[in-house]
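Here is a short briefing for a first look at this model. Please keep the sequence and the structure in view while you read.

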Amino acid sequence: MDKMYNEKLRPQKELVHCEDGSNTLFSKEFDEPYHSTKDGALHESLEKHVKPALSFTKKKEKLTILDICFGLGYNTFATLYYLLNNDLKTKVHILSPEFDEGLIRSLTNFAYPPEFETIKPIIDAISKEFFYEDAQFKIEILLGDARENIPKIREKIDVVYQDAFSPAHNPLLWTQEHFGDVRAICSDDALLTTYSTAAAVRLGLYENGFKLFVHRAEMMRYSTVASLKMLDGLEYIDMELKKQRNPAAKSMRDREYL
């Protein structure tokens with residue numbers, strides 16, 4: 001399967017193995033892997049996104065999640081896996097922008113970890129139809145530019161997985177204006193998870209009304225949780241104090257990259 005998958009993706013992507021045993025891809029276009037090979041694709045999705053997000057929204061019967069960007073779908077599929085594996089009945093609607101239509105179509109042949117075997121029919125449906133719906137889950141792939149598609153979303157978002165390629169390689173999905181677009185479609189108590197701990201990213205979130213927290217997990221580098229309301233159990237980041245200590249720090253802005 002690895003050879004067949006690589007043949008379909010040449011020359012832009014290569015299959016690489018992560019330390020947790022799962023697979024990801026290296027994008028030659030963005031010059032970085034879709035996931036941290038050290039943290040592991042599945043482990044990273046669960047520990048940096050799914051678990052913290054669901055732990056703070058577990059009282060909600062329905063969740064609308066914005067997964068930026070879909071890529072290999074690990075965050076979306078890990079969400080479904082976690083809910084099913086823990087017999088949780090939360091209804092979930094996931095919207096996920098993705099510009100690479102060919103990548104989505106190839107996912108039916110991707111070597112996902114065995115944990116995803118029970119949701120293989122869902123993966124196949126997404127790969128073919130860019131859509132899936134049953135009594136508990138609804139998944140929509142928004143093909144095209146994320147910056148164009150996010151402002152068109154009419155649903156109120158409860159959770160954001162901010163998991164685009166890094167600010168160095170995909171800056172327009174990390175600017176203050178991007179986070180403004182995200183904030184505009186969020187519910188009043190929405191939270192956002194991201195692997196980035198960069199000051200510029202945190203400032204962009206803070207300038208749009210998000211409170212910032214450090215998230216730590218076992219066998220995982222620390223990451224960031226942002227919330228429109230205070231959260232208990234996480235280390236709060238005093239951004240005003242950070243700004244005083246580093247007055248030269250600034251958020252990323254669209255004008256610098258357009």
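Strand E4 is largely enclosed by the rest of the structure, because six of its seven residues are buried. Buried means under 20% relative accessible area, exposed means over 50%, and partly exposed lies in between (1.4 Å probe, protein chains only). Strands (E, at least two residues) and helices (H or I, at least four) are DSSP runs, numbered from the N terminus.

This is a predicted model: local features need pLDDT of at least 70, side-chain atom pairs count only at pLDDT 80 or more, and totals for chains, interfaces and linings use all residues. Residues are numbered from 1 along each chain as its sequence is written, and side-chain values use heavy atoms, with hydrogens and water left out.

**Confidence**

- The mean pLDDT of the protein is 94, and 96% of its residues reach 70 or more. This score is the predictor's confidence in each residue, from 0 to 100.
- Over residues 1–10 the pLDDT is below 50, and this stretch has 21 contacts in the model beyond near neighbours in sequence. Contact means heavy atoms within 4.5 Å.
- Where pLDDT is low, the predicted coordinates should not be read in detail.

**Strand pairing**

- E4 and E5 run parallel and share five bridges. Two strands pair if DSSP finds at least two bridges between them.
- Lys62 has Lys91 in E5 as its bridge partner.
- Strands E1 (residues 13–17) and E2 (residues 23–27) are antiparallel and joined by five bridges. Val16 is bridged to Thr24 in E2.
- The hairpin of E1 and E2 has five residues between the strands, and Gly21 there takes a positive phi near 95°.

**Nonpolar cores**

- The largest nonpolar core has 43 residues. Such a core is a set of buried Ala, Val, Leu, Ile, Met, Phe, Trp, Tyr and Cys residues joined through side-chain atoms within 4.5 Å.
- Those with the most contacts inside this core are Leu72, Tyr74, Phe77, Tyr112, Phe116, Ile122 and Ile126.
- Elements that give two or more residues to this core include helix H2 (41–55), strand E4 (62–68), helix H3 (74–85) and helix H5 (120–129).
- Phe116 touches Leu42, Tyr74, Phe77, Ala78, Tyr81 and Ile123, not counting residues up to four places away in sequence.
- Another core, of 31 residues, lies apart from the largest one. Among its residues are Ile68, Leu95, Ala146 and Ile153.

- H3 is mostly covered, with nine of its 12 residues buried. Among them are Tyr74, Phe77 and Leu80.
- Just after H3, Asp87 takes a positive phi of about 50°.
- Helix H8 (residues 199–206) is largely enclosed by the rest of the structure, because six of its eight residues are buried.
- The buried residues of H8 are Ala200, Val201, Arg202, Leu203, Gly204 and Leu205.
- Their cover includes helix H7 (176–184), strand E9 (186–194) and helix H9 (239–245).

**Two aspartates**

- Asp158 lies in strand E8. Asp158 is buried, with a relative accessible area of 10%.
- The Asp158 side chain makes a polar contact with the side chain of Lys60 (3.1 Å). A polar contact is a pair of N or O atoms within 3.5 Å; within protein, one must be able to donate a hydrogen and the other to accept it, and residues adjacent in sequence count only if both atoms are side-chain atoms.
- Asp124 is in helix H5. The Asp124 side chain makes polar contacts with the side chains of Thr108 (2.7 Å) and Lys120 (2.6 Å).
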